[in-house]
Amino acid sequence: MQEFLDTLKNKEVAVIGIGVSNRPLLELLVKAGANVTAYDRRPEHELQMGDLQGIAFKTGSHYLDALQGDIIFRSPGVKPFEPQIEAAVARGALLTSEIEVFMEWCPCPIYAVTGSDGKTTTTTIMQHLLETTGKHVFVGGNIGTPLLSKVGDMTAEDIVVLELSSFQLMTMKRSPTVAIITNLSPNHLDWHHDMPEYIDAKCNIYKYQSQGQVVVLNADNDASCSVAQRDGIHPRWFSRQNALSQGVWIDNSNIVCDGQPILDITEIALQGVHNVENYMAAIAAVYPLVTREAIQTVARTFEGVQHRLQFVATVEGVRYFNDSIASSPTRTIAGLRSFDQKVILILGGRPKVPFDDLRAIVAQYAKEVLLVGEATQEIKTSFGNIVPMTECGTIDRATILARERAVVGDIVLLSPACTSFDQFKNFEE
């Protein structure tokens with residue numbers, strides 16, 4: 001850790017995109033003796049930096065116009081192809097991020113998960129599974145806490161589990177010991193230039209692996225199969241649909257790993273076939289380091305991550321589920337397929353991708369759709385008259401209408417298929 005800090009002394013360091021989660025990085029840079037400038041579109045009084053000393057600030061709508069530095073730390077939501085960033089790199093600046101530097105200096109094995117859907121649940125499952133080995137497990141990346149400041153607390157005997165988004169992976173030049181891509185489907189096309197760029201970013205999770213390291217891919221996902229063929233890799237496959245000669249598949253109701261029955265899917269506490277796939281991906285990554293018995297115990301007891309098809313309550317005989325993480329149609333499709341009856345669906349927000357693939361699934365699984373946010377008219381145009389739809393504007397109004405219309409035995413599901421940024425800071429809010 002001290003060796004890393006020594007590399008920063010007296011360097012001009014820029015940190016773009018400031019939030020509470022960046023405080024450990026800023027503290028670390030100041031401690032190392034770097035000359036730190038923080039850049040953010042928001043005014044300085046909104047940055048919640050408190051009493052942090054030794055930092056200059058560039059804020060406001062033109063915050064990047066004066067960008068300079070020997071090293072530039074990019075927050076995940078900041079596009080690396082912003083003109084000012086590209087110009088700084090052309091002048092010789094090193095563009096990196098907290099997670100990229102962490103992966104360079106981390107002293108222990110890293111297990112990392114990416115994909116269009118299921119990242120957080122798969123990452124959390126892996127955390128619980130690896131903790132059964134008795135090792136100290138650090139969790140970070142897109143969830144948990146920034147880990148760069150924790151490097152000094154880690155040993156070679158520990159394990160790190162990361163969730164990595166395409167935003168984080170886009171400029172990544174290192175890969176983890178074990179990599180998982182849960183699936184690939186259109187997502188974040190409001191941020192990336194196009195689908196090939198999005199897929200290329202995801203594939204950075206394995207592109208820099210060395211001999212003997214592992215990448216786990218979904219054999220049922222056409223895009224995953226295509227990239228494996230394109231890049232000539234030999235992944236450890238998992239498949240819910242077909243038997244495999246090696247890897248993880250389902251035989252009757254059993255998840256099988258390399259021919260060994262590991263887990264009866266009826267033992268999985270989480271609802272939905274997509275969570276069966278999440279377990280299959282995790283098992284492919286950790287077995288036999290994690291025992292069959294430990295896998296079964298975790299499956300029976302782990303009840304899921306908040307906001308991810310989370311059961312909220314039963315009110316007057318109606319069950320309410322929060323799937324606000326479902327910010328793309330593919331995630332909403334997975335959520336709908338988890339139920340064996342038609343639901344009252346709250347749908348909408350700020351659209352990222354077209355809704356064409358969602359149309360037939362909504363017709364099959366929704367008894368009524370309550371529309372919210374900016375995507376309302378686009379969804380109505382895409383769906384036509386497949387199901388009764390009501391324009392509600394806000395989630396508050398949609399929830400009130402759902403309660404008025406639901407009868408005993410109904411299910412109300414918030415699964416927006418859009419981002420929340422038209423009305424909220426994030427999907428949690």
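This is a predicted model: local features need pLDDT of at least 70, side-chain atom pairs count only at pLDDT 80 or more; totals for chains, interfaces and linings use all residues.
Residues are numbered from 1 along each chain as its sequence is written, and side-chain values use heavy atoms, with hydrogens and water left out.

The lining of the second largest pocket comprises 47 residues, among which Asp 117, His 274, Glu 277, Thr 330 and Ala 334 lie nearest the centre; lining residues have an atom within 4 Å of a point. Two or more residues of this lining come from each of α8 (222–231), α9 (273–286), β15 (310–315), α11 and α12, with helices (H or I, at least four residues) and strands (E, at least two) taken as DSSP runs numbered from the N terminus. The greatest contribution is that of α11, which gives six residues. By class, the lining divides into 18 nonpolar, 17 polar and 12 charged residues, where Ala, Val, Leu, Ile, Met, Phe, Trp, Tyr, Cys and Pro count as nonpolar, Asp, Glu, Lys and Arg as charged, and the others, Gly among them, as polar.

Helix α11 (residues 329–336) packs with helix α12 (residues 356–365) at an angle of about 20°, their axes lying 10 Å apart; axes are lines fitted to C-alpha atoms, for helices over the stretch in contact, and angles run from 0 to 180 degrees between N-to-C directions. The two helices, α11 and α12, are therefore roughly parallel to each other, given that angles under 35 degrees count as roughly parallel, over 145 as roughly antiparallel, 65 to 115 as roughly perpendicular and the rest as oblique. In the contact (heavy atoms within 4.5 Å), Pro 329, Thr 332, Ile 333 and Leu 336 of α11 meet Asp 357, Leu 358, Ile 361, Val 362 and Tyr 365 of α12, a set with seven nonpolar residues, one polar and one charged.

The axes of helix α5 (residues 119–131) and α9 come within 9 Å and cross at roughly 45°, and α5 and α9 are therefore oblique to each other. On the α5 side the contact involves Thr 121, Thr 122, Ile 125, Met 126, Leu 129 and Leu 130, and on the α9 side Asn 275, Asn 278, Tyr 279, Ala 281, Ala 282, Ala 285 and Val 286; nine of these residues are nonpolar and four polar, with no charged residues.

Helix α7 (residues 195–207) and α8 pack at about 60° with their axes 12 Å apart, which makes α7 oblique to α8. Here Ile 199, Asp 200, Cys 203, Tyr 206 and Lys 207 in α7 meet Val 227, Arg 230 and Asp 231 in α8, and the contact has four nonpolar and four charged residues but no polar ones.

Two backbone features lie in loops. The peptide bond from Tyr 287 to Pro 288 is cis, with omega near 10°, and Pro 288 is located in the loop between α9 and α10 (292–301). Asn 10, although not a glycine, has a positive phi of about 65°, and this residue lies in the loop between α1 (2–8) and β1 (12–16).

How values were computed
On a 1 Å grid over the protein atoms alone, a cavity is a set of points where a 1.4 Å probe fits but cannot get out, and a pocket is an open set with protein on both sides within 12 Å along at least five of seven lines; lining residues have an atom within 4 Å of a point.
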